[in-house]
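Here is a friendly tour of one protein model, written for reading beside the viewer. Please keep the structure open as you go.

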Amino acid sequence: MKTDQLNGNANQTQQSFNCEKCKDQEGWFYRNEEGKEYWRDCECVMKKRIERIMKSSHITEEFQKKTFGNFDHEGRPDVVVQAFQIARKYVIDYRSIKQTRHNSVALLGRPGCGKTHLLMAVSNNLIQKGVEVVYFPWVEGFNELKSDFDRVEERINRLQRAEVLYIDDMFKGRKEPTDFQKEQLFAIINFRYLENKPILVSSEKSIAEMCEFDEAIGSRINEMCRDYKVTIAGGIELNYRLQ
Ligand SMILES: [Zn+2]
């Protein structure tokens, strides 16, 4: 056993460490009753992993503050409360469903109901559990893709392979998505569908409208999000930005 790591080394007392607990050794060897050595990670290892995931997730500082706790759901319409509950349930269920075909969540419909807030809360919660989430805001994401055609393949690859992919405001903007958008989106969704990799989707479009754009995309999203899908129909009174 490396006792100097456990007890502190006289020569190291002058040094300062990022983690005083493990003195940047990232863990300790322990010996069990049979005398077998095993390693245990310090909590700073998970902390660093979370920092790294958050940094590469493209989630802005503002969005990192979105939690279930600061989502205002009291007195809101039933369907908004339902979306809140489904999103929270998804986080709880995540570990047991992540490798199934129905491992994804979709919050669809009216703008201004808090869809983005709720899926940000899902993302932030998953990241705190050490899950890698990549955020792809539809409009900005495609602008970025188009700005550098040489790197499209590499970037699509990352969106295909991320542990969890959050596509925010899917199909936002123009009336019809472009062929480029449909092609790239299909490449991403189909890959993730076949590999059972979760997606989080927010969109003003319903599944039926998605299918009108591209049935192969819409039907896959529908199947993946079957168990965690809320479509917020209804009038302008649901928009909290106007209240
Ligand atoms: Zn440590």
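By class, how many nonpolar, polar and charged residues are in the lining of the largest pocket? The lining has six nonpolar, two polar and six charged residues. In this sorting, Ala, Val, Leu, Ile, Met, Phe, Trp, Tyr, Cys and Pro count as nonpolar, Asp, Glu, Lys and Arg as charged, and the others, Gly among them, as polar.

Before going further, please note that this is a predicted model, in which local features need pLDDT of at least 70 and side-chain atom pairs count only at pLDDT 80 or more, while totals for chains, interfaces and linings use all residues. Residues are numbered from 1 along each chain as its sequence is written, and side-chain values use heavy atoms, with hydrogens and water left out.

**The pocket**

The largest pocket has a volume of about 310 Å³. Its lining is made by 14 residues, and His-58, Glu-144, Arg-155, Arg-158 and Leu-159 are the ones nearest the centre. At least two lining residues come from each of β4 (133–137), α6 (138–147) and α7 (152–161). A pocket here is an open set of points on a 1 Å grid over the protein atoms alone, where a 1.4 Å probe fits and protein lies on both sides within 12 Å along at least five of seven lines; lining residues have an atom within 4 Å of a point. The volume is the space filled by probe spheres set on the points, which are joined across faces, edges and corners.

**The chain as a whole**

The protein chain has ten helices and seven strands. These are DSSP runs numbered from the N terminus, with helices (H or I) of at least four residues and strands (E) of at least two. Taken along the principal axes, the C-alpha atoms fill a box of roughly 70 × 50 × 35 Å. Of the 243 residues in the chain, 44% are buried. Buried means under 20% relative accessible area, exposed over 50%, and partly exposed in between, with a 1.4 Å probe and protein chains only.

**The zinc site**

Four cysteines, Cys-19, Cys-22, Cys-42 and Cys-44, hold the zinc ion through their SG atoms, lying 2.3 Å from it. Donors are N, O and S atoms within 2.8 Å of the metal (3.2 Å for Na, K and Ca), and water is not among the atoms, so sites may look incomplete. The zinc site is tetrahedral, with angles of 105 to 114 degrees among its four donor atoms; the term asks that all angles of four donors lie between 85 and 135 degrees. Along the chain, the zinc donors follow the spacing C-x2-C-x19-C-x1-C. Cys-22 sits in the loop between α1 (3–7) and β1 (27–31) and Cys-44 in helix α2 (residues 43–56), so this pair ties together parts that are 22 residues apart in sequence. Both Cys-22 and Cys-44 are buried.

Lys-23 also belongs to the loop between α1 and β1. Its phi is near 50 degrees, a positive value in a residue other than glycine. Most residues other than glycine have a negative phi. Lys-23 counts as partly exposed because its relative accessibility is 23%.

**Aromatic contacts**

The whole structure holds 14 aromatic pairs. Rings of Phe, Tyr and Trp (its six-membered ring) pair if their centres lie within 6.5 Å; planes under 30 degrees apart count as stacked, over 60 as edge-to-face and the rest as tilted. Two pairs that share Phe-180 are set out below.

| Pair | Centre to centre | Angle between planes | Kind |
|---|---|---|---|
| Phe-142 and Phe-180 | 6.1 Å | 75 degrees | edge-to-face |
| Phe-149 and Phe-180 | 5.8 Å | 75 degrees | edge-to-face |

Phe-142 in helix α6 and Phe-180 in helix α8 (residues 179–194) are 38 residues apart, so this pair links distant parts of the chain. Phe-149, in the loop between α6 and α7, is 31 residues from Phe-180 and also makes a link between distant parts. One aromatic cluster takes in Phe-136, Trp-138, Phe-142, Phe-149, Phe-171, Phe-180 and Phe-213.

Methods. Four donors count as tetrahedral if all angles lie between 85 and 135 degrees; four count as square planar and six as octahedral if opposite donors are over 155 degrees apart and all others between 65 and 115; anything else is irregular.
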